[in-house]
Amino acid sequence: MEANNIELRTFKAPIADIHLLEGGSGPDLLFLHGAGGLTKEDPFLAALAEKYHVYAPLLPGFGESEECGEIRNMLDFTLHTLDILMALNLDKPIVVGHSMGGMIAAEMAAIAPNDIDKLCLICPAGLWLDEHPIPDIFATMPYELPELLFHDPEAGGAMMTAGADFSDPEFLTAFLIQNARQLGMAGKILFPVPERGLSERLYRVKAKTILVWGESDKLIAMPYGEAFNKAIAGSELIRVPEAGHMIIVEQTAAVLGAIGKLS
Amino acid sequence: MKFTWFNLMPWPHLPDDFRQKNKSVWVDIDSTLYDPVKGHDVYNDYLDMLEYADNLGYDGLGINEHHQNAYGLMPSPNIMAAAISRRALNSAIVVLGNSLGLYNPPTRVAEEFAMLDVITGGRLVAGFPVGSSMDINYCYGDIPALSRERYQEAHDLIKKAWAEPKPFAWNGRYTKLRYVNTWPKPIQNPPPIHVPGGGSVETYDFCLDNTYSYSYLSFSGYIRAKLLMQGYWDRLTERNEPDESPYRAGFAQTICVAETDAEAERLYKDHVSYFFNRCLHVAPGFADAPGYRTIKTIKSGALSQFAPDLGEAAHMPWKQLVDEGYIIAGSPATVREKMEDLIKGLRVGNIFCLMHIGDMPMEKTKHSTKLFAEQVIPHLRNMWPEYEDDNRFWIEPLNKRATPGSISERKATGEA
């Protein structure tokens, strides 16, 4: 494998077949993607691979992988991802999760506190504050997403729809199938309210934890960053200007800088 | 043929600019549009109409379940069924149905359906829908990708609760009960079961595996339904089922009858428009939660073929709605002819007659209901003579049934 060149490979974990995006060189880093999924061409993945040996497993149902009926609840998601760590024989990699991936990463760190000592949560899901209800992404039409996800919705929208042709019925069908499979799977932990009791377990996290948040995040707003920061002992919250929920592509350098604090 | 009089029970007081000023009739509709005092009359009118249809000899009275919407005011179908069960004394009570996954524990369905069947002397037709995505996912929070599994488990539990004579333990994934011991049990055990479906092969098979009647509750009419129903009959042939009884299937159709075709348009046009414009104004984001449909169903193309946009008919003129079969409307002769096309074309023995539509007032509803009962049904009654003995999908009531209210009457006349 060439340095920084992301490759897709598949292997068997105990519950499901895994599609893993892997590349780069440097310290081992496990990256867990958000509900929007992850592709080989993802610019954030490429940026990570310049400094780290990145392992980015796709949740079953994402990308081209098959959905997995046996993964139903939060514990299933968490153990499945810990199984991947074991299958890859990784010893205490840096664990980074974005949004839904951050929720899973935080659960892993709470369930297996002795196995995870460096944790970066990028605007993770997993908490619920009545005074700051999180918009319902499951009832949001694709064209409404850029406004929720980006500091600069126009640029973000262009990025999201690059190469997409919704007037082509074949493209549309493929899009609908992928959307149903991916968000269907994500819904198991995010629908109807993206909270599965994490707040009661965060006291168990022992990892050095960095929280990264876009100041313009309209999906999971800054008060959630503050709530995570309060709940995880010794954590640090880094607020990044001119970044929305897709901070990983809007302010990639700032996110990498934050992860760098863990090494 | 079996004809069930069916009313969705829409809220009839939505403002004229409802569609323009509101995002959705379902899920997050502005609840200040509901007025409980007006609602008192609305419910009582609708229940009166069901009883009126019973008196006219309709075979069944249809009731269904929907939540948080102005499209249908029956969040609890079993309450509505109970409300008519002691006044409508002849027809089947067709509850289409209870969304099985929403009842916790699902033995609640076994109990309430049994109660209804016992109260009515064996007149319950039990509907087992999964439920619309708006209802089960967005209103009731059921996780879309798990809805089918939860439904299947609930189904198995309910059937066993009716069948088992002794208490048993149920160690399900979604329900755990140490003592399942349903009291009372239904008279018809099990009652005839109808399952609403939307074109997935899984639901075809589920009905065929269990000898349930497959119901297609569409609003786009019998012409557009042909492909879907043909899929069902093709599946039946593929599986070499022992018979192709039309009672294995049912279809819902909006029907408006008047003295003449022109009179039908004059009388009913505005109410039909109310329905398609206001009652079906569902925000697209609520129509289909990701994970609600199986990947297999989406891949089969069933969505584009069978689930047209609910709003597609909103701006269709009357003639187009009639020509394309969204509604069957006109004189008794016109309606009869089109109903024959429907019945033969879709090969169905059960018709769910949507005789009240939108904000139709009761006098007009009675008019259409009566004309259909007296001048249309008699001509359609024996369209499937070779299957007239097929009772698998319809009620078998007790011959000798109690007379509701008899105690008060006895007291009044001084009898013991």
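A residue is counted as buried if 20 or more other C-beta atoms lie within 10 Å of its own, with C-beta atoms placed from the backbone. The views below show a predicted model.

**Figure 1. Helix α3 of chain A is mostly covered.** By the above criterion, eleven of the twelve residues of α3(A) are buried. They are Met100(A), Gly101(A), Gly102(A), Met103(A), Ile104(A), Ala105(A), Ala106(A), Glu107(A), Met108(A), Ala109(A) and Ala110(A). The cover over these buried residues includes strands β3, β5 and β6 together with helices α2 (74-87) and α6 (169-190), of chain A. The end C-alpha atoms of α3(A) are 17 Å apart, which agrees with the 16 Å that its twelve residues should span at 1.5 Å a residue.

**Figure 2. Helix α3 of chain A lies across strands of chain A.** The helix, residues 100-111, lies across β3, β5 (94-98) and β6 (118-122) of chain A. Relative to β5(A), α3(A) runs at about 140°.

**Figure 3. An open sheet of eight strands in chain A.** The strand order is β1-β2-β4-β3-β5-β6-β7-β8, and the pairing is mixed. At the edges lie β1 (7-12) and β8 (236-240) of chain A, each of which pairs on one side only. On average, neighbouring strands of this sheet are turned by 20° against each other, direction ignored.

**Figure 4. The pairing of strands β3 and β4 in chain A.** Strand β3 (residues 28-32) of chain A runs parallel to strand β4 (residues 53-58) of chain A, and three bridges join the two. Strands of a sheet pair through backbone hydrogen bonds, either parallel or antiparallel. Leu29(A) has Val54(A) as its bridge partner in β4(A).

**Figure 5. The contact between chain B and chain A.** Contacts link 16 residues of chain B with 18 residues of chain A. To the side of chain B that touches chain A, helix α11 (residues 295-299) of chain B gives the most, with three residues. By residue class, this side of chain B comprises eleven nonpolar, three polar and two charged residues.

**Figure 6. The fold of chain B.** Chain B contains 16 helices and eleven strands. Its C-alpha trace spans about 65 × 60 × 50 Å along the principal axes. The radius of gyration of chain B is 21 Å, which agrees with the value near 22 Å that a compact globule of 416 residues would have. Of the 416 residues in chain B, 50% are buried. Among contacts in chain B between residues at least 6 apart in sequence, 80% join residues at least 24 apart.

Technical notes. Residues are numbered from 1 along each chain as its sequence is written. Chains are lettered from A and ligands numbered from 1 in the order in which they are written. This is a predicted model: local features need pLDDT of at least 70, side-chain atom pairs count only at pLDDT 80 or more; totals for chains, interfaces and linings use all residues. Two strands pair if DSSP finds at least two bridges between them. Helices (H or I, at least four residues) and strands (E, at least two) are DSSP runs, numbered from the N terminus. Axes are lines fitted to C-alpha atoms, for helices over the stretch in contact, and angles run from 0 to 180 degrees between N-to-C directions. Two residues are in contact if their C-beta atoms, placed from the backbone, lie within 7 Å. Ala, Val, Leu, Ile, Met, Phe, Trp, Tyr, Cys and Pro count as nonpolar, Asp, Glu, Lys and Arg as charged, and the others, Gly among them, as polar. The radius of gyration is taken over C-alpha atoms; the globule rule is 2.2 Å times the number of residues to the power 0.38. The expected span of a helix is 1.5 Å times one less than its number of residues.
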